[in-house]
Structure formats: C-alpha cells, structure tokens
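Q: Hi! Could you walk me through this model?
A: Happy to, here it is.

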Amino acid sequence: MTTRHVVVGVDSSVAAVRALDLAADEAALRTTTLEIVYAVPGFDEAWPVLASAASRVAYRHPGLPVVTLPAEGHPAAVLAERGREAALTVVGRRSPGELAGAVLHSVSRSLAAHGPLLVVRGDSPPHLHNEVLLVLDADADMAAYAIHEAGLRSAELRIIRAPAHRYPASAPVPRRRSEAATAHVVPAGDVLVGQGERCPRVRRVTQDAGPASMQALLEATRTSDLVVIGCRPGPGGHGRHLGSVARTLLNRAHCPVLMVTTGQESTTPSPT
C-alpha cells in the first residue's frame, strides 16, 4: 500500500457522483486509501451524503479502504488543505463551460502546488479507450508523469504538442527541457524513455508530429481516458497559473483532465 491517499470532494450533485466513481477507480489503481470529503456549514447535513458515498464505493470496489470526513469551511479551502499530502485530488464539474461554479475555479487556483488535480465532467460517461493523452507544453519532463499514469492502466500513451501560444507578460516562461525526454514509437512492452528508463506496463507510446491545433487537441480527448497537462506554480510558488490551453481543456475536454504543477513530476513513483 502507498502512504499517499486519493482525496475527492463530494456533495449531492451528479458531477460529484462521477468524481467519486473516478476517484475510487484511481485509489484502486494506486492500491491506496480513498478519502471522501464533504465541506458543509454544519456536520449534521454531511453524514447522509458521506454514508451514501461510502456505500457506493464499497459496492464498486469491495475492500478498498475508505475514510469519510465532514469538514466545516469553504469547499475550495478544505480540498486545498486535504490535498496537500495526497497523491491525487479529484473534483467534478457540472457541464461544458462551467467549472463546477466558483468551487472548481477556486480549487484550481488555490490548491497547493504539491498535489495533482483531476477534474471530471459530470455528464461524460467513463471512457474505455485504453489511452492516456499527454499535452506536452514547455516542459518535456511531464512525459515521466504521463508514462506513470499510462503504466498504472497498462494503456497506450499518445503525446501531442500543445498549440503555440504566448505567455502573459507577468508570468515567467519555463525553461524548455531537452527533447530527449520525450517518447518515441517502440514495440509494446519495451518502451524506452529519456535515458533508457523501461516502462513495460505501457502498451505503446506515440508522438504526433508538430504542434496540434486546439480543435485537433479537443478531438483527441474524445478517444482518451485521461488527458495530462502541466501548469506552472502561481506567484510565490503557491497555487497554479492556468495557461490558455489548460483553461480550454478544463472547459471543453471530453475526458477527465489531470493537471500537474511543473516541478512535482520528479516525485512521481517509478512506473516500473
């Protein structure tokens, strides 16, 4: 068992149910504990929702360790605090163009840079394409994180370069890493990455030629189970700076979006 758990925020919405199901799947993949959090003004309101959530998880994943936690406070602040030491924090969004109201917007901005954030749309069914999509922006080290996610699922990894865009004048432009960190097409079961790191659980790695258009990138999310994208730390190293590509994916992607803050990929467990 790993020591870092998966955290999911729930309420009574359909989006929260979808987030709960995905979070339970992710905890099972990582063989770790699922922590279900409900932030409310009063604890009495939380227990029925938490009990129903725990029962649903037990039915879908018998034996998965589950912790339920009612918490007083703003949902964004509560999830940001609970996600500091988590392997993954999962939140739901209600529909295209709506980032679960102010909650998700606040979470994506204020969540500490230590933990990855997985965002799932409530009206999208689970994808079963067996493919993880990496949107490679300015930092090629993101490939290591995406390879780990593909390895967990024994899935294929498809790498697409993000559309060219300008960074805001106030935001530091990250240093571009060596192209050697990106992946190449190789036979399944013998994936080589970077300096010869083998990832046998990844079925196949492919990289599209050249940067994709935003429309092509969104179309690629239709046939993916997960899209991984990096974001830069906010001012002072706290929170996240969401670029135009990340914002578009959060609003319009057809599959769950996993945001990883640049610099935390090195802490990802080895996929071997």
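Q: In which sense do strand β1 and β2 pair, and over how many bridges?
A: Strand β1 (residues 6–9) pairs with β2 in the parallel sense, over four bridges. Helices (H or I, at least four residues) and strands (E, at least two) are DSSP runs, numbered from the N terminus, and two strands pair if DSSP finds at least two bridges between them. This is a predicted model, where local features need pLDDT of at least 70, side-chain atom pairs count only at pLDDT 80 or more, and totals for chains, interfaces and linings use all residues. Residues are numbered from 1 along each chain as its sequence is written, and side-chain values use heavy atoms, with hydrogens and water left out.

Q: Which residue in β2 is the bridge partner of Val 6?
A: That is Leu 34.

Q: And what do β1, helix α1 and β2 make together?
A: With α1 covering residues 14–29, they make a right-handed β-α-β unit. Right-handed here means that, with the strands pointing away from the viewer, the path from the first strand over the helix to the second runs clockwise.

Q: Where does the chain go from β2?
A: From β2 the chain crosses through helix α2 (residues 43–60) to β3, in a β-α-β crossover that is right-handed. β2 and β3 (residues 66–72) pair in the parallel sense over seven bridges. One link there joins Ile 36 to its bridge partner in β3, Thr 68.

Q: Are the faces of β2 covered or open?
A: Both are covered. Leu 34, Ile 36, Tyr 38 and Val 40 are buried on one side, and Glu 35, Val 37 and Ala 39 on the other. Buried means under 20% relative accessible area, exposed over 50%, partly exposed in between (1.4 Å probe, protein chains only).

Q: New topic: why call α5 largely enclosed?
A: Eleven of its twelve residues are buried, so the rest of the structure largely encloses α5. Among them are Tyr 145, His 148, Glu 149 and Arg 153.

Q: What happens just after α5?
A: Ser 154 takes a positive phi of about 50 degrees there.

Q: Where is confidence lowest and highest?
A: Strand β8 (residues 192–193) is lowest, at a mean of 42, and β1 is highest, at 94. The score is pLDDT, the predictor's confidence in each residue, from 0 to 100. Over residues 97–103 the pLDDT is below 50, and this stretch has 14 contacts (heavy atoms within 4.5 Å) beyond near neighbours in sequence.

Q: What does the protein average?
A: A pLDDT of 76, with 68% of the residues scoring at least 70.
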